[in-house]
Amino acid sequence: MINIIDIQQAIWDTLNSSEYTVVDYIEFNTIEPPYIRMGDLYVDDDSIKNKEGLRCEQYVNLYSTYKGKKEILNMIDDVNELMMNLQIDGYKVYVARGTQHILQDTDRKTIFTNRDSQVKYYHALLKYEIYIG
């Protein structure tokens, strides 16, 4: 049986080989960007008659307060390269990039203060489809 903990651990280890801080859960406003947050994981059975398999969707969130998109684009490239080389011991793994969005947002904690004091940041949402068999 393919263990979901092993999948998450492999993704965690892969992302942690980047130069950025990686978190799974974070209290709002407790860490300064740039950082990577592991997002949601969805798992479906992808077994065939004689072989067990899983199809997973892993979401990865990237955050940057760099003025301009240079840092967030570099982060996307780094994470894409790492995820395309994902390995899980004992299994064949195929990773496909899904949709990738870059959003500009503001720190909601300061929404009721003067607009000029709001912290603007880039948030990239990356989706990967991972086939394990």
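# Notebook: charged pairs and rings

I began with Arg 55, which counts as partly exposed because its relative accessibility is 22%. A reminder to myself before going on: this is a predicted model.

**Entry 1: Arg 55 and its partners**

Which residue does the side chain of Arg 55 meet in a salt bridge at 3.4 Å? I found Glu 57 there, with the 3.4 Å taken from N to O. Glu 57 has a relative accessibility of 15%, so I noted it as buried; the cut-off for buried is under 20%.

Next I looked up Glu 129, and this residue also forms a salt bridge with Arg 55, the closest N and O atoms being 3.9 Å apart. Arg 55 sits in strand S3 and Glu 129 in strand S5, so this pair ties together parts that are 74 residues apart in sequence. For Glu 129 I wrote down 22% relative accessibility, which means partly exposed.

**Entry 2: Glu 57 again**

I went back to Glu 57 and found a salt bridge with Lys 127, where the closest N and O atoms are 3.9 Å apart. Here, too, I checked the strands: Glu 57 belongs to S3 and Lys 127 to S5, so the pair ties together parts 70 residues apart in sequence. Is Lys 127 buried or exposed? Lys 127 is buried, because its relative accessible area is 16% and the cut-off is under 20%.

Then I put the pairs together. Salt bridges with shared partners join Asp 44, Arg 55, Glu 57, Lys 127 and Glu 129 into one network. How many salt bridges does a search of the whole structure find? My page says 4.

**Entry 3: the rings**

I turned to the aromatic side chains and counted 4 aromatic pairs. The one I followed up is Tyr 63 with Tyr 121: the ring centres are 6.1 Å apart and the planes stand at 50 degrees, so I call the pair tilted. The angle is what decides the word, because stacked needs planes under 30 degrees apart and edge-to-face needs over 60.

Conventions:
Residues numbered from 1 in each chain as written. Predicted model: local features only at pLDDT ≥ 70, side-chain atom pairs only at ≥ 80, totals over all residues. Heavy atoms only, no water. Phe/Tyr/Trp six-rings, centres within 6.5 Å; stacked < 30°, edge-to-face > 60°. Buried < 20%, exposed > 50% of the residue type's maximum accessible area, 1.4 Å probe, protein only. Helix = DSSP H or I, 4+ residues; strand = E, 2+ residues; numbered from the N terminus.
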